Amino acid sequence: MDGLMGLLGALGEASRFFLFTPVPILPCQQQAGMGTLQILVRDPVKANAPVVVAWVTVTASDGSTAVDHTDQHGTTRVMRILPGTYRVSAQCLWHLPDPSPEVEVTVREGQHTAATIDLEELRFYLHVDADRDGVTDAARSRGTAWTWGAGGRGAVVLCNNDDDNAKGSADNANAVVDGAADVPELAVLRVRAHGSAQDPPESWNMTLGIPGALRARFRIFDSTGAAANEVVGSATGAAYRRSLRGHGTVDYGMEAVSYAQDGFDGLVDVTLEVRKHTGEDGEARRRDPAYTSAARLRVAPWIMPTHADRAETVYVAEFDENLDARGRLAACLDAAGPALHMHPVEGDRWMQDCMEIGYTNSPGARIDAVVRARRGQALADFPETLRGADFGYVGDFAAANQRRGTDFDGMGNLEVTPPCRAADGTVFPLGRIYYGHGTAEHPFDPQVLSFLRAQVVQRPFAIDTSWLRVGHADEMITFVPYAAGPDHRKWKALIASPRRAYQILDGANPDAVMLRGVTVGVLTSSGRVSTPMEMTVNQFLNAVALMADVESPYGLPANHLSGAALRAWNTRVQARIDQVLAILEAEIGLDRVADVIEVPVIFHPENEHWNRAGAGAWDIGDAVAVATSGDMVNMLVVNGTCIVPEARGPVDPDSNVDLFQDWLENALVDAGLGTLWIDCWEPYHEHHGEIHCGTNTLRRPADVAGWLANDPRARWWSFAG
């Protein structure tokens, strides 16, 4: 044999390619006429760290070759070899150059020659803001885990459903980034080059992907620029492939198209596959060298703000009947701070029931977002008109569930507690959502409930509101801030209380007049007649009949319900309210002595729902309840001020003070809150509602950037429950 193969053959090798046996070579052992050669492969980007399992090729002048690989020290084994000049190259997976240029090495007789070849490793990995500090992590993503708590890890992506460039539709409804204002609402997905600054060959390619079932819920853009285009999503598919040649480090943008909801837990796994294409396609391609990087993200939940959050705007329907009430509301808001937005409408006064305004946030951006109620009245289209810059629209869930809405689906039946600790010790830093569960025939909207549960952080719980005429939670309970309270109980629960009302009436001057200016329709032989209900406390408690404020289909006599019967019936109502208090004890850790302010209110049974008990008699036990006096619980709480509907309770003849109002105002003063009274009897109370039912509130920090940076409530991911 000639050349290198012949020389190596002299050592007993018969193949064209050789892996040399690791034999120590000492100068005294050198074979006559031979030299030794050893190749070192180092990575200069890693401070000349050894390159392990690099394949080294030594080529003789006649073209014959020998191949060896480096060990854990980055060196080949020592080769005995004839003197001469050889060409040496090295190659290692995911190292550059690929392969390295050949290096000439001269071996001299009786001498040991060591040659060094440089290979630089280049890898591509995903980087996200896994520590949720608003900055893309320097460390690469380590897999598909998303954990809650202050020390948890996992990135956040926003449901980008606002309209930053006033185009009339949601930003996440198209496949582009909608201008510079849209950019802060994108999450960054960085594909970062690690190691060598050299450009890889065309055969290196990458694939960004998400599960195919999520392509309609999640989108990746080709950059975080103001005019970026979708590369993964409903328009382009669940995977994006391109060569890594010329790629370097690139920031891709991400947005969510929907919140977590039924069938989607809000978690998205993004994978990066890097593959060295050998030129074969089909099944053979599966054998190409490849590695993956992955990151798990969570869509930021939709969150309901509490009464402790700053009120920015109060919305009210504008119609003729509430002209005076709107003027009084405007005066109250001038004192309390929020702006008043009046929306002209006819045939629908219940602004609270048409929508619920919440928000969502990432570490670097916040979007307020309104959920429309399943409710087909005149205000049904109003919520969508609010969509704009940093104000999203969730819509309703009719597409997934065509069930027609009922009174229980109005958003006055969907409220939230302040931050609390449940009886089992679970802390809810953002409070808990509560709702009236409705009836077996008319339950609270199951699709909305599924949506609320999927948001996780304000775990909803149900209370019984089925005994109320309208069936809404805001008729019975509200919460006000109380700064002096202990941790997780910096609030007072205001609970409608017939018990407290009757205690006040029993201690009042019997000649005190109540229900001033109140009239009801009473059926007589001449038809329905408007009848004054103004009476003394003595009359109310002992003698005078009370009629419901709706026309009876049964033609009930005017003197049907006595004061004694009404008291007995309110005792039943109080028992229903006490059952709700027991639920609050378990669900939010309520202390009935320390945390509750009983708000005096008298209820009466609506006569449409009385049942005939026999000839000439009626059973009111199962009738639904309507507030007789003003339902002061149904107040508007804004910026530390309570705007409370007038009670029209007993007015003391000596002090001219409404005793129901005086009781509540003193309790609110003790809690550090201001009180403003509003007369909304005709436009709201007479239609089974009060000022809270007639309004809705946008609650937003004055300094969103400061809130994101400093307010613990902005870090919903710290929830550990």
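Mentor: A nonpolar core is a set of buried Ala, Val, Leu, Ile, Met, Phe, Trp, Tyr and Cys residues joined through side-chain atoms within 4.5 Å, where buried means under 20% relative accessible area, exposed over 50% and partly exposed in between (1.4 Å probe, protein chains only). The model is predicted, with local features needing pLDDT of at least 70 and side-chain atom pairs pLDDT 80 or more, whereas totals for chains, interfaces and linings use all residues. Residues are numbered from 1 along each chain as its sequence is written, and side-chain values use heavy atoms, without hydrogens and water.

Trainee: Which residues of the largest nonpolar core touch the most other members?

Mentor: Of its 83 residues, these are Ile477, Leu505, Phe540, Leu584, Phe603, Leu664 and Trp716.

Trainee: What does leucine 664 touch?

Mentor: Setting aside residues up to four places away in sequence, leucine 664 touches Leu494, Ile597, Val599, Met632, Met635, Val644 and Trp677, contact being heavy atoms within 4.5 Å.

Trainee: Which residues of helix 4 are buried, and what covers them?

Mentor: In helix 4 (residues 446-454), Gln447, Val448, Leu449, Phe451, Leu452 and Ala454 are buried, and their cover includes strand 23 (366-372) and strand 28 (433-436). Valine 456, which follows helix 4, has a positive phi near 75°.

Conventions:
Helix = DSSP H or I, 4+ residues; strand = E, 2+ residues; numbered from the N terminus.
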